[in-house]
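Me: Hi! Could you walk me through this model while I have it open?

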Amino acid sequence: MNHAAYMREALVEAGKAYALGEVPIGAVVVLDGEIIGRGHNLREKLLDSTAHAEVLAMREAARNIGDWRLSDAVLYSTIEPCAMCAGALVQFRVKLLVYGAADLKAGAVDSVIDVVREPRFNHQVAVLSGVLAEECSEIIHRFFKELRSK
């Protein structure tokens, strides 16, 4: 798998969120080399605090394959997932999470807590972190810098 290429697709999704004034986080779900789900933050637009990029991408992927189990799928996220999204990764049975930038305040994979590898759960998610971390971090930093300057 070309992790960088799929992370660039997640960055495209993050750009869509940025253009809408949403926190620029993007995600894609890949199965057998094909993107089957895409998502970007839509919390403000949908007035829905669960409308995170990762959750939206997994919902679309499940609809596209006709199964909530994403057992052989890889989720690419531009940022380390929060507790809700990490829990959803476990519930959707995702095989591998690949993320770009760490989230030192709310990351629920490596930074604050580790939800996806909790051995007491009936499913654990493998993790690869730091893919295109600089690009993934830069878009979020730019967004908040612009927001603070307004």
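This is a predicted model: local features need pLDDT of at least 70, side-chain atom pairs count only at pLDDT 80 or more; totals for chains, interfaces and linings use all residues.

Me: Great. What is the span of helix H1?
Reply: Helix H1 covers residues 3-19, and its end C-alpha atoms are 24 Å apart, which agrees with the 24 Å that its 17 residues should span at 1.5 Å a residue. The expected span is 1.5 Å times one less than the number of residues. Helices (H or I, at least four residues) and strands (E, at least two) are DSSP runs, numbered from the N terminus.

Me: Which residues of H1 are buried?
Reply: Tyr 6, Met 7, Ala 10, Leu 11, Glu 13, Ala 14, Ala 17 and Tyr 18. Buried means under 20% relative accessible area, exposed over 50%, and partly exposed in between (1.4 Å probe, protein chains only). Looking down the axis of H1, you find these buried residues within an arc of 160°, so they line one face of the helix. The arc is that of the directions from the helix axis to the C-beta atoms.

Me: And what covers them?
Reply: The cover includes strands S1 (26-31), S2 (34-40), S3 (74-79) and S4 (96-101), along with H5. Contact here means heavy atoms within 4.5 Å.

Me: What follows H1?
Reply: Gly 21 does, with a positive phi near 80°.

Me: Where is Asp 32, and is it buried or exposed?
Reply: Asp 32 is in the loop between S1 and S2, and at 76% relative accessibility Asp 32 counts as exposed.

Me: Where does Leu 47 lie?
Reply: In the loop between helix H2 (43-46) and helix H3 (53-65). Leu 47 is exposed too, with a relative accessible area of 77%.

Me: Let's go on to H3, then. How far does it reach?
Reply: H3 has 13 residues and goes 19 Å from its first C-alpha to its last, close to the expected 18 Å. Its buried residues include Val 55, Leu 56, Met 58 and Ala 62, and among the elements covering the buried residues of H3 are S1, S2, S3 and H4.

Me: What about Phe 92? Where is it found?
Reply: Phe 92 is in the loop between helix H4 (83-91) and S4. At 15% relative accessibility, Phe 92 counts as buried. Not counting residues up to four places away in sequence, Phe 92 touches Met 58, Arg 59, Ala 62, Trp 68, Arg 69, Leu 70 and Ser 71.

Me: Switching topic: what is the volume of the largest pocket?
Reply: About 570 Å³. Of the 20 residues lining the largest pocket, Ile 79, Asp 103, Lys 105, Ile 140 and Phe 144 are the closest to its centre. On a 1 Å grid over the protein atoms alone, a pocket is an open set of points where a 1.4 Å probe fits, with protein on both sides within 12 Å along at least five of seven lines; lining residues have an atom within 4 Å of a point. Grid points are joined across faces, edges and corners, and the volume is the space filled by probe spheres set on the points.

Me: Which helix gives the largest share of that lining?
Reply: Helix H5 (residues 133-149), with 5 residues.

Me: Which residues of H5 are buried?
Reply: Cys 136, Ile 139, Ile 140 and Phe 143. Seen down the axis of H5, they fall within an arc of 90°, so they line one face of the helix. The face turned away from that buried side carries the exposed residues Glu 134, His 141, Lys 145, Arg 148 and Ser 149.

Technical notes: Residues are numbered from 1 along each chain as its sequence is written. Side-chain values use heavy atoms; hydrogens and water are left out.
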